[in-house]
Amino acid sequence: MNEFEHNTPLPQPRLEAQSYLRFRDLLEAAPDAIFEVEQDGTIILLNAAAEHLFGYSREELLGQLVEELIPKALRSKHVEQRAQYGEHPSVRPMGAGLELLALRKDGATFPVEISLSPIRSAQGSRVIAIVRDITDRKKVERLKNEFLASVSHELRTPLHTIIGFADLLAEERKGPLNEVQKRFVEHIRNDSRHLLELISDTLDLSKIEAGRLALHPEEFNVSEAIAGWMERLRPLANNKKQELVEKCEPNLMVWADPIRLKEILYNLVSNAIKFTPDGGTITIEAEQSGDGALFRVADTGIGIAESEHTAIFDKFYQLSATTKGVREGTGLGLAITKSLVELHGGEIHVRSKPGMGSVFEFTIPRDKMVRS
């Protein structure tokens with residue numbers, strides 16, 4: 001009879017040895033690079049995929065700071081972020097919404113996704129970082145966006161022609177239309193304009209995602225600009241007997257692309273008008289915040305369920321039954337808005353509850369704009 005018969009338990013040291021070997025095998029078989037890092041950034045463990053991905057041997061990386069794997073221009077910022085993470089560790093992706101780059105031994109940079117998980121041991125707090133090379137995915141996305149941009153551009157020309165002829169028919173210059181014909185022409189005009197809006201939004205978003213949308217920042221008085229911009233939207237609010245209120249800090253100066261900032265506010269305010277019942281109120285605020293500006297668009301509309309607060313910024317996302325019969329747009333407006341805010345180096349958030357209205361807030365920092 002040997003020691004494994006009759007379910008004889010293994011001696012504890014052998015169990016620990018087998019657990020260690022199993023953990024090591026799992027670590028080495030993982031397709032993504034895995035690092036264990038001390039709070040000060042020192043690498044104390046890595047797997048074979050990490051060696052292959054970064055081009056270093058295990059001996060070269062053990063004991064080195066993780067910043068060695070980050071482009072030099074980004075290292076100081078990473079040190080700050082690592083310290084902040086150490087104060088509030090959690091399981092989450094690193095740099096959500098940002099383009100992350102890693103650095104190989106040969107000096108080449110490449111895009112990555114990084115997931116962070118804090119662990120505690122007798123030796124103190126450490127972090128497990130899982131790094132995935134997303135170069136191939138980025139290439140596919142860029143080709144897709146370039147294709148969409150090309151197709152969108154080609155579709156706009158014939159649509160303008162359709163809309164132009166529909167407008168001429170509606171003006172009845174070549175003779176009167178009966179009521180049925182008028183209704184048909186109005187359907188053509190409305191649906192063509194909706195399709196043109198969708199194509200234009202798709203083109204804008206494709207340019208952003210393909211890195212082809214350049215910002216042209218300048219310093220300007222945003223308080224005066226908002227007053228002028230809102231005059232274009234005020235008739236829409238008046239048609240629904242809504243009050244459009246501006247509460248902007250006087251002489252507030254910002255460093256931003258005025259055309260794109262106008263687009264951000266147009267999207268938010270037009271959405272607020274659309275989803276606020278007749279007689280409601282939409283408020284636009286802008287104030288100094290640190291070295292930048294904080295913008296706020298609040299409404300007394302139908303509100304948004306908390307479960308949809310993140311999803312509304314996704315491409316082609318449409319709200320559920322909460323719209324209560326209101327015809328929604330292309331499903332790209334908020335995705336474009338979020339992308340434009342992030343191109344400026346800012347962030348956008350929403351606070352809302354069904355029946356309680358919505359508040360969209362976004363920031364435009366002065367010194368963090370992404371250069372295109």
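pLDDT is the predictor's confidence in each residue, on a scale from 0 to 100. In this predicted model, the mean pLDDT of the protein chain is 85, with 90% of its residues reaching 70 or more. Confidence in the protein chain is lowest in helix α1 (residues 12–29), where the mean is 76, and highest in helix α2 (residues 48–54), where it is 96. Over residues 1–8 the pLDDT stays under 50, and for this stretch the model has six contacts beyond four places in sequence.

Helix α8 (residues 258–274) packs with helix α7 (residues 222–239) at an angle of about 35°, the two axes lying 10 Å apart, and α7 passes α8 in a right-handed crossing. On the α7 side, the contact is made by Val 222, Ile 226, Trp 229, Met 230, Arg 232, Leu 233, Leu 236 and Ala 237, which meet Pro 258, Leu 261, Lys 262, Leu 265, Tyr 266, Val 269, Ser 270 and Ile 273 of α8. By class, the residues of this contact of α7 with α8 comprise 13 nonpolar, one polar and two charged.

Helix α8 also meets helix α9 (residues 333–343), the axes of the two coming within 9 Å and crossing at roughly 145°; here α8 passes α9 in a left-handed crossing. From α8, Arg 260, Glu 263, Ile 264, Asn 267, Leu 268 and Asn 271 take part, and they meet Gly 333, Leu 334, Ile 336, Thr 337, Leu 340 and Val 341 in α9. The contact of α8 with α9 divides into six nonpolar, four polar and two charged residues.

Technical notes:
Residues are numbered from 1 along each chain as its sequence is written. This is a predicted model: local features need pLDDT of at least 70, side-chain atom pairs count only at pLDDT 80 or more; totals for chains, interfaces and linings use all residues. Side-chain values use heavy atoms; hydrogens and water are left out. Axes are lines fitted to C-alpha atoms, for helices over the stretch in contact, and angles run from 0 to 180 degrees between N-to-C directions. Helices (H or I, at least four residues) and strands (E, at least two) are DSSP runs, numbered from the N terminus. A crossing is left-handed if the near helix is turned anticlockwise from the far one by less than a right angle, and right-handed if clockwise. Contact means heavy atoms within 4.5 Å. Ala, Val, Leu, Ile, Met, Phe, Trp, Tyr, Cys and Pro count as nonpolar, Asp, Glu, Lys and Arg as charged, and the others, Gly among them, as polar.
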